[in-house]
Amino acid sequence: MDYPNPSHGLRSRVVGTEIAVPLLDGAWATYINFDNAASTPALVSVRDGVDRFLDYYASVHRGTGFKSQLATWAYEQARQATLRFVGAAPETHTCIFGKNTTEAINKLARRLELRPQDIVLTTEMEHHSDDLPFRAAARVVHVRVDAQGRLNEADFDNQMRRHGKAVRLVAVTGASNVTGYLNPIHRLAEKAHAAGAMILADCAQLAPHRAVDVRPLDDPQHLDFVVLSAHKMYAPYGTGALVGRKDIFEAGEPDVRGGGTVEVVTTDTVAWAEPPDKDEAGSPNVIGAVAMMLAMGELNAIGMPAIAQHEAELTAYALERLRPLPGLRLFGDSDPQRASERLGVIPFQVEGVSHFQVAAILGHEFGIGVRSGCFCAHPYVLRLLGLDHDRAEAVRMTILSGDRRTMPGMTRISFGLYNTTQEIDRLLEALAIVAAGKHKGRYMQEPATGEFRPDGWAPDFGAVLRFS
Ligand SMILES: Cc1ncc(COP(=O)(O)O)c(C=O)c1O
């Protein structure tokens, strides 16, 4: 397939890829960011576009000056761009901007006016943000995953049959932030609709790597709601979006009330505005929305298939070399042949070394940024680790007592469109040293967080970046 050169064409589109950071031994190394599943750096076009827009930034919606009107126009352009990005028609769908995916799902959970007896069918692989908001509003049932962490679709079917019309919503992630698995969201959508339920696809993880398409409402496989976080899409300016069926947001009252949500107010009455205004209380994050529009434009210009192909190549390259590393245990699907069927998110453990310590050594001694722990998906990670109920309960009690030192977990690497095979080579060298116990530093573990810190050394952030 014809796509931009992975090491050069794509890398130069991203901000800060060649930044050197201080290491424990006094040397400096070019930082490697393998924590893209948590957040991505900005695209150059996003940073530059935001810079240009700042000259024109002014109050939106009710301002009468040229700049206010231009900023309002830009904000609404961003809304239309978001709808287009997920294939949604403005006649049937609305785009509500907010802070991030978590806020978007909380809004949806409140706006659906769920009753305690309603069922939200979610899965054991969800990020907490696609689970906990519903627990506050309805009865949440978790579809099981298998030992490798894949969604058990037979259990999904069983649960749909068992709970029938009580299922109001299926809430499922498009891609796992732990194993990178892709879920068959459109097939699940068809099953949900056949049972009279709606579906939310959590696309926080999916959207930076694959095209999202909500499809028309008369398609049985359509998605009723999707949620996005711009900081995972190369636009870290504090915006997320909830794209969903307009009719749902036309009904009912806003969950957050205040300026911008109304048509007219008297001391006794309120007439709510139409969506999306009704659901965007207070002054919006215009810069964030513009940044997100710029990022979506760039992702489309590069092409989602090109991004997917590059990331699949990185994933296959990494899996091929990680699998034979002595002392390394990979979780999820570790077959490089199937790299294109999942995202480049790879969780692992190093035998005999705490996941917290692996992450600390990679950061402090090699300048490699990763993440460790349970990745805001405690039930899923405990399931992947094969912890039975009693052990999981013991872990829970220890954590509640304020001691996280033995908290189970994994270390995770996750790729973005700008990562390279050379960076993976550096990781492999580092992991070989970690697995052989040949790292340089002495580390102390903090009981309250479980994190490891080098004894007697801490990076001097103020020496690297001054704000005044
Ligand atoms: C699958 C998934 N859903 C939801 C979230 C929450 O996203 P945010 O922190 O942007 O609200 C994340 C973040 O990692 C995620 O990976």
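Colleague: Which residues come nearest to the ligand?
Modeller: First, a note that this is a predicted model. Of the 14 residues around the ligand, the nearest are Asn 100, Thr 102, His 127, Asn 177 and Ser 229.

Colleague: And how many of the shell residues are nonpolar, polar or charged?
Modeller: The shell around the ligand has 10 polar residues, along with 2 nonpolar and 2 charged ones.

Colleague: Changing topic: how is the chain divided?
Modeller: There are two parts: domain 1 covers 11-42 + 303-464, and domain 2 covers 47-300. Taken over C-alpha atoms, their centres are 29 Å apart.

Colleague: How many residues does each domain put into the contact?
Modeller: Domain 1 gives 30 residues and domain 2 gives 30 residues. On the domain 1 side, the elements giving two or more residues are α9 (304-322), β14 (345-350) and α11 (378-384). Of these, α11 gives the most, with 5 residues. By class, that side of domain 1 has 19 nonpolar, 4 polar and 7 charged residues.

Colleague: Now the helices. At what angle do α1 and α8 pack?
Modeller: Helix α1 (residues 44-54) and helix α8 (residues 286-302) pack at about 140°, and their axes are 9 Å apart. That angle is why α1 counts as oblique to α8. The crossing of α1 past α8 is right-handed.

Colleague: Which residues make that contact?
Modeller: From α1, Ser 45, Val 46, Gly 49, Val 50 and Phe 53; from α8, Ile 287, Val 290, Ala 291, Leu 294, Ala 295 and Glu 298. The contact of α1 with α8 has 8 nonpolar, 2 polar and 1 charged residues.

Conventions
Residues numbered from 1 in each chain as written. Predicted model: local features only at pLDDT ≥ 70, side-chain atom pairs only at ≥ 80, totals over all residues. Near = placed C-beta within 6 Å. Nonpolar A, V, L, I, M, F, W, Y, C, P; charged D, E, K, R; others polar. Axes fitted to C-alpha atoms, helices over the stretch in contact; angles between N-to-C directions. Helix = DSSP H or I, 4+ residues; strand = E, 2+ residues; numbered from the N terminus. Parallel < 35°, antiparallel > 145°, perpendicular 65-115°, else oblique. Left-handed = near helix turned anticlockwise from the far one by under 90°. Contact = placed C-beta atoms within 7 Å. Domains from an automatic or database assignment.
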